[in-house]
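Open your viewer and keep the selection tool at hand. This tour goes from stop to stop and says what to select at each one.

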Amino acid sequence: MLWTTFFALPAAVSALAMPHWMKRQGSLTMLRFGCAQVVIDRLDPLVNPGSIPSPHVHQIVGGNAFNASMTQGDVSAGASCTTCAFSDDFSNYWTANLYFKARNGSYKRVKQLGAARQFNDDFSTKIGGGVLVYYVSAQPGKITAFKPGFRMLVGDPTRRTPDPAMKRQNCYRCYTGPNFGGDTAAPCADSKIDTQGLPKEPCKGGIRSNIHFPTCWDGKNLDSPDHKSHVAYPTSGPANFLSLGGNCPSTHPVRIPQLMYEVVWDTTEFNNKADWPTDGSQPFYFSYGDNTGYGQHADYVFGWKGNALQVGMDATGCMGAKCKDMKTQSIDAAKRCSVKTRVNEDHDGWLDKLPGMEM
Ligand SMILES: *[C@@H]1O[C@H](CO)[C@@H](O)[C@H](O)[C@H]1NC(C)=O
Ligand SMILES: *[C@@H]1O[C@H](CO)[C@@H](O)[C@H](O)[C@H]1NC(C)=O
């Protein structure tokens with residue numbers, strides 16, 4: 001997302017855009033950094049540990065300890081490289097892939113774009129098939145970084161209808177032109193341009209997905225059977241950082257960083273309406289067989305080394321992909337890190353069905 005609308009200078013938060021409590025506190029840190037693709041595979045160590053293959057394909061970024069199951073407590077100990085700009089971040093981040101469905105029923109994977117250039121950060125513009133990751137410490141009070149072994153899931157791949165309470169958890173923006181055209185508000189902040197489902201019309205600059213994770217933790221469990229109930233949204237519900245500040249419920253009193261993923265798909269080569277279904281529906285499907293977009297979900301396995309993330313969350317005024325003593329690497333080094341594909345199937349040709357999906 002383009003933050004020039006909100007930030008006059010990289011390190012200076014626009015006073016106008018700041019909620020009152022944030023002006024008082026004056027301590028926003030927003031790590032915004034790219035992670036290039038580490039592998040595309042049909043694995044899900046969080047929801048389907050040990051399944052080779054898992055039910056649907058994912059695009060995975062982060063450390064090279066990613067595997068069909070990840071039972072180790074400290075993920076960073078099992079990784080030797082990462083595709084993320086912060087070189088101490090061996091976490092894994094993954095989401096579903098997006099496909100275009102042609103009139104003849106064949107599917108083609110939609111390529112992803114790098115992020116808009118912000119905060120003099122070149123790395124994230126070159127992530128190609130990667131994910132832009134945010135960790136924001138915008139809540140009042142102490143932010144406690146995740147602990148080794150922590151993991152969580154947001155969203156529900158079986159959902160096909162909007163959940164009004166989750167309007168700000170998961171949204172899409174239809175870019176109105178090249179170069180992230182129409183990027184004029186924080187993610188999921190503008191109900192006129194952000195939709196809960198996939199955009200219904202062709203998007204001239206591609207489609208962006210933003211997913212906000214819960215910001216409150218029970219303080220005890222690193223995971224839970226549904227991978228969700230150990231975390232919670234503030235009592236006021238999901239929000240982006242411009243309107244954060246709600247109280248954590250008493251069951252989940254520990255404030256954790258606001259984690260957000262941003263993925264941009266270059267749908268422009270599929271924008272000819274003559275290729276779209278004759279019934280007027282939109283032709284983009286997630287790898288789990290959803291063309292509504294309401295089932296969008298994202299997975300997180302924490303893997304920062306030592307207290308590297310806590311250092312970032314305790315810093316004040318860090319914006320973008322640089323922060324005080326946090327170590328970074330070049331995009332070339334990041335792209336040398338990869339994980340070998342376990343499930344051998346075609347990801348880029350025309351496919352007669354979505355891998356794993358009987359349709
Ligand atoms: C993944 O797990 C398998 C089986 O436990 C192991 O042999 C392999 O080395 C692991 N791969 C990575 C990249 O850790
Ligand atoms: C289906 O349509 C696409 C797009 O027109 C084309 O590239 C592909 O070869 C077709 N596949 C089959 C099996 O006919």
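A disulfide is a pair of cysteine sulfur atoms within 2.5 Å.

Some ground rules come next. This is a predicted model, where local features need pLDDT of at least 70, side-chain atom pairs count only at pLDDT 80 or more, and totals for chains, interfaces and linings use all residues. Residues are numbered from 1 along each chain as its sequence is written, chains are lettered from A and ligands numbered from 1 in the order in which they are written, and side-chain values use heavy atoms, with hydrogens and water left out.

**Stop 1: the cysteines**

Select the cysteines. How many disulfides does the structure hold? There are 6. Counting bonded cysteines along the chain, the pattern reads 1-3, 2-12, 4-6, 5-7, 8-9, 10-11.

**Stop 2: C35 and C84**

Zoom in on C35 and C84. Their sulfur atoms are 2.1 Å apart, and the two form a disulfide. The link is right-handed, with 105 degrees about the S-S bond. Now show the cartoon. C35 sits in strand β3 (residues 30-35) and C84 in the loop between β5 (58-62) and β6 (92-96), so this pair ties together parts that are 49 residues apart in sequence. Strands here are DSSP runs of E with at least two residues, helices are runs of H or I with at least four, and both are numbered from the N terminus.

Are C35 and C84 buried or exposed? Both are buried. Buried means under 20% relative accessible area, exposed means over 50%, and partly exposed is in between, using a 1.4 Å probe and protein chains only.

**Stop 3: C81 and C337**

Select C81 and C337 next. This disulfide also has its sulfur atoms 2.1 Å apart. It is right-handed, with 80 degrees about the S-S bond. C81 is in the loop between β5 and β6, and C337 is in the segment after α3 (331-335), so the pair ties together parts that are 256 residues apart in sequence. C81 counts as partly exposed because its relative accessibility is 21%. C337 counts as buried, at 1%.

**Stop 4: C318 and C323**

Move to C318 and C323. They form a disulfide with sulfur atoms 2.1 Å apart. The link is right-handed, at 70 degrees about the S-S bond. C318 is buried because its relative accessibility is 4%. C323 is buried too, at 3%.

**Stop 5: ligand 1**

Select ligand 1. Which residues surround it? They are N64, N67 and R342. A residue is near a molecule if one of its heavy atoms lies within 4 Å of it. Show the side chain of N67: one of its polar atoms lies 2.3 Å from an oxygen atom of ligand 1. On its own, ligand 1 has 360 Å² of accessible area, and the protein covers 31% of that. Such areas come from the Shrake-Rupley method with a 1.4 Å probe.

**Stop 6: ligand 2**

Finish at ligand 2. Around it are A102, N104, S106 and W350. By class, this shell has 2 nonpolar, 2 polar and no charged residues.

Now check the atom distances. An N or O atom in the side chain of N104 is 2.3 Å from an oxygen atom of ligand 2. For S106, a polar side-chain atom lies 3.3 Å from a nitrogen atom of ligand 2. For W350, a polar side-chain atom lies 3.3 Å from an oxygen atom of ligand 2. Taken alone, ligand 2 exposes 360 Å², of which the protein buries 37%.

Conventions. A polar contact is a pair of N or O atoms within 3.5 Å; within protein, one must be able to donate a hydrogen and the other to accept it, and residues adjacent in sequence count only if both atoms are side-chain atoms. Ala, Val, Leu, Ile, Met, Phe, Trp, Tyr, Cys and Pro count as nonpolar, Asp, Glu, Lys and Arg as charged, and the others, Gly among them, as polar.
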